[in-house]
Amino acid sequence: HRKMEGRIDQFITQLKRRQIEGSFPVAKETADILRMAISKMKFSTLAELLQEMKKIGKRLVDANPLEFGIGNTVRRIMFICREEYNNFSNKEAAKEPAMFLTGDDSEEESLASDNIREFKAAILTSITELIDELQNLYRNISDQAIEHIHTNEVIMTFGASKTVEEFLKAAAKKRKFEVVVPESAPSLRGQRMAQTLSQAGIETTVISDASIFAIMARVNKVIVGTHAVMANGGLIAPSGTHMTALAAKHHTVPVVVCTGLYKLTPMFPHDQDTFNDLNSPSQILNFEDADTLEHTHVTNPTFDYVPPELISLYVTNFGGHNPSYVYRLLSEYYNPEDYNFD
């Protein structure tokens with residue numbers, strides 16, 4: 001138990017210090033921690049198990065609320081627990097119909113110790129499958145690349161998404177196309193993305209962010225990654241994605257988002273500031289110049305909110321979906337009772 005607490009505390013420290021960032025590493029570590037916690041946890045009812053998981057989930061989410069992968073993974077595993085419990089109850093009810101209640105009270109019903117062992121083993125197996133699904137998602141998304149990218153197309157991407165990188169590399173094995181990458185100032189992640197793609201033999205052009213609108217007229221498709229997919233089908237994505245999507249809309253260029261479904265978040269954004277973080281202004285303006293710019297405010301946001309009407313298609317590890325279909329995916333992935341950890 002002490003070992004588990006130590007691991008949770010270490011993860012919380014890493015989150016607070018931003019030593020671990022990015023949806024994938026955060027989601028995987030959360031799944032590993034919950035698998036370990038459930039294997040050591042003592043409980044007699046489903047309600048007790050879910051309560052303990054909510055407590056762990058709240059501690060992790062509070063450490064960095066903008067890493068949506070944490071909350072999503074906790075909710076997904078709570079959904080798995082409920083699903084396994086229902087399967088288990090149905091099996092037991094078939095053996096002894098009078099022994100098992102159905103309905104709202106069943107979560108409070110105590111399980112025999114043999115049943116708990118069996119129930120726990122089923123949950124741990126499902127969590128292992130979830131971790132395997134996370135590890136294979138790049139391949140599952142990349143397998144769909146040749147359906148979306150055709151010969152001699154000009155593709156624009158933005159930022160440096162690992163999912164998009166693998167997607168483009170997979171398409172390049174079968175198709176010859178050109179990629180245009182804005183440099184994504186001030187982080188310049190676009191330059192790093194361009195370097196990686198050109199090393200993979202893809203013809204790549206780096207442009208300044210100010211040229212996005214001008215170049216968009218020559219582009220056939222915009223393919224981007226995302227930090228999170230919100231409940232209304234919109235995106236929380238790296239700063240600059242909204243501008244790219246607006247330029248694409250003006251030129252009627254389709255915007256395709258490559259994402260694993262673990263980024264699906266049951267929260268509604270209201271504006272650009274709801275789920276955002278501000279980076280240091282020194283990335284944009286040197287501190288030496290601050291004295292001469294006394295009345296100047298410098299904002300350097302981390303993310304953009306991109307509304308669903310600017311998105312054409314989501315390519316996920318379970319196929320392509322329209323933004324309007326996200327609400328259905330939410331009901332297949334999470335239980336509404338688990339949306340809030342308070």
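Tutor: Ala, Val, Leu, Ile, Met, Phe, Trp, Tyr, Cys and Pro count as nonpolar, Asp, Glu, Lys and Arg as charged, and the others, Gly among them, as polar. This is a predicted model, in which local features need pLDDT of at least 70 and side-chain atom pairs pLDDT 80 or more, while totals for chains, interfaces and linings use all residues. Residues are numbered from 1 along each chain as its sequence is written, and side-chain values use heavy atoms, without hydrogens and water.

Student: How do the residues of the lining of the largest pocket divide into nonpolar, polar and charged?
Tutor: A pocket is an open set of points on a 1 Å grid over the protein atoms alone, where a 1.4 Å probe fits, with protein on both sides within 12 Å along at least five of seven lines; lining residues have an atom within 4 Å of a point. Here 38 residues line the largest pocket, and Arg189, His227, Pro238, Thr302 and Phe303 lie nearest its centre. The lining divides into 13 nonpolar, 17 polar and 8 charged.

Student: Which element gives the most to the lining of the largest pocket?
Tutor: Helices (H or I, at least four residues) and strands (E, at least two) are DSSP runs, numbered from the N terminus. Helix H2 (23-40) and H7 are the elements that give two or more residues to this lining. The one that gives the most, with 3 residues, is H2.

Student: What is the volume of the second largest pocket?
Tutor: Of the 14 residues that line the second largest pocket, Val61, Asp62, Arg75, Met267 and Phe341 are the closest to its centre. A volume is the space filled by probe spheres set on the grid points, which are joined across faces, edges and corners. For this pocket the volume is about 210 Å³.

Student: Why are H1 and H3 described as roughly parallel?
Tutor: Axes are lines fitted to C-alpha atoms, for helices over the stretch in contact (heavy atoms within 4.5 Å), and angles run from 0 to 180 degrees between N-to-C directions. The axes of H1 (residues 2-16) and H3 (residues 46-63) come within 8 Å and cross at roughly 25°. Angles under 35 degrees count as roughly parallel, and H1 and H3 are therefore roughly parallel.

Technical notes:
Parallel < 35°, antiparallel > 145°, perpendicular 65-115°, else oblique.
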